[in-house]
Amino acid sequence: MWRRSFGTGSHAVDALKEKKWDALVIGGGHNGLTAAAYLARGGLSVAVLERRHVIGGAAVTEELIPGFKFSRCSYLQSLLRPSVISELELARHGLKLLKRNPSSFTPCLDGRYLLLGPTKVLNHREISKFSKRDADAYPKYESQLERFCTLMDPLLDSSPPESLQGISSLQDRLKNKVHNSVFWTRLLHQAASMGQKDMVDFMDLLLSPASKVLNNWFQTDVLKATLATDAVIGSTASVNTPGSGYVLLHHVMGETDGDRGIWS
């Protein structure tokens, strides 16, 4: 059972006082709701506590100005895992994803602009206005990031290889060791399949600032500035912060309705 409590209504308070819950989730944001749904699917009784009159947290859309609706905190969706969408049957409950097209518009002071979208033809034509070399390099850049994502995908959908804490039975310890062994074996196998050059480039991407990664690939500033937003948006880091190169993977890590790298 999964009970929703809005505010401090008497019925909700009475229900919570009368029942012993297996789990309490504090905050009805999208992460809290997802956790609660999975706990309920596992057979636990779950209560979600939310102080506001609406649930959804950062993903809420509200009419802040009469006649105009805004997403309060979230701006785009791409990293919502397909497994979560499928297992929680979100489409059946009304989820509809609108693909972003075009994906970005970057105006320049001289009146020119760079428009990027979902098609390779459009991107090549647009980037060629600034650099033919960069236009040819861009598909290779995206292709490399997509190869790296094949290594990351299983990590996103797997439970972390944690060590059991406290007293546990021999059976639980053996099950935990098998789970951890399978996790690391799968990861090492995928890493080995990448090849030496890709593995070196992958480690460089994880540790380097985004500016170094983009400078190695491209010449024109307008393209580098456009792509650099993928490395710093939603964070307080700069493109020169070591490790910000990893966030470039988010450009292609997510997907919408099975289309890799498409934000919605």
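Ring pairs tie Tyr138, Tyr141, Trp217 and Phe218 together into a cluster. Here, rings of Phe, Tyr and Trp (its six-membered ring) pair if their centres lie within 6.5 Å, with planes under 30 degrees apart counted as stacked, over 60 as edge-to-face and the rest as tilted. The structure holds 7 aromatic pairs. Take Trp217 and Phe218: their ring centres are 6.3 Å apart and their planes sit at 35 degrees, so this pair is tilted. Phe218 has 2% relative accessibility and therefore counts as buried. Buried means under 20% relative accessible area, exposed over 50%, and partly exposed in between (1.4 Å probe, protein chains only).

A word on the model itself: it is predicted, so local features need pLDDT of at least 70 and side-chain atom pairs count only at pLDDT 80 or more, while totals for chains, interfaces and linings use all residues. Residues are numbered from 1 along each chain as its sequence is written, and side-chain values use heavy atoms, with hydrogens and water left out.

As for the overall layout, the protein has 10 helices and 9 strands; helices (H or I, at least four residues) and strands (E, at least two) are DSSP runs, numbered from the N terminus. The C-alpha trace spans about 70 × 60 × 35 Å along its principal axes. Buried residues make up 34% of the 264 residues. Of the contacts between residues at least 6 apart in sequence, 55% join residues at least 24 apart, where contact means heavy atoms within 4.5 Å. The domain assignment gives domain 1 (10–75) and domain 2 (104–260), with bounds that come from an automatic or database domain assignment. The C-alpha centres of domain 1 and domain 2 lie 32 Å apart.

Strands β4 (residues 61–65) and β5 (residues 68–71) pair antiparallel over 3 bridges; two strands pair if DSSP finds at least two bridges between them. Glutamate 62 has phenylalanine 70 as its bridge partner in β5. With 2 residues between the strands, this hairpin has glycine 67 at a positive phi near 90 degrees. Threonine 106 finds its bridge partner in leucine 114 of β7. There are 5 residues between β6 and β7, and glycine 111 takes a positive phi near 100 degrees.

Strand β7 (residues 113–116) is two-faced: Leu114 and Leu116 form the covered face, Tyr113 and Leu115 the uncovered one. A charge sits over a ring if NZ of Lys or CZ of Arg is within 6 Å of the ring centre and within 35 degrees of the ring normal. Lysine 19 likewise places its charged end over the ring of tryptophan 21, 5.3 Å from its centre.

Then there is serine 244, in the loop between α9 (221–232) and α10 (250–253). At 4% relative accessibility, serine 244 counts as buried. Its side chain reaches the backbone oxygen of threonine 241 at 2.7 Å. Leaving out residues up to four places away in sequence, serine 244 touches Ser208, Pro209, Ala210, Ala231, Ser238 and Val239. Glycine 27 is 217 residues from serine 244 along the chain, and their C-alpha atoms are separated by 30 Å.

Technical notes: Polar contact = N/O pair within 3.5 Å; in protein donor to acceptor, adjacent residues only side chain to side chain.
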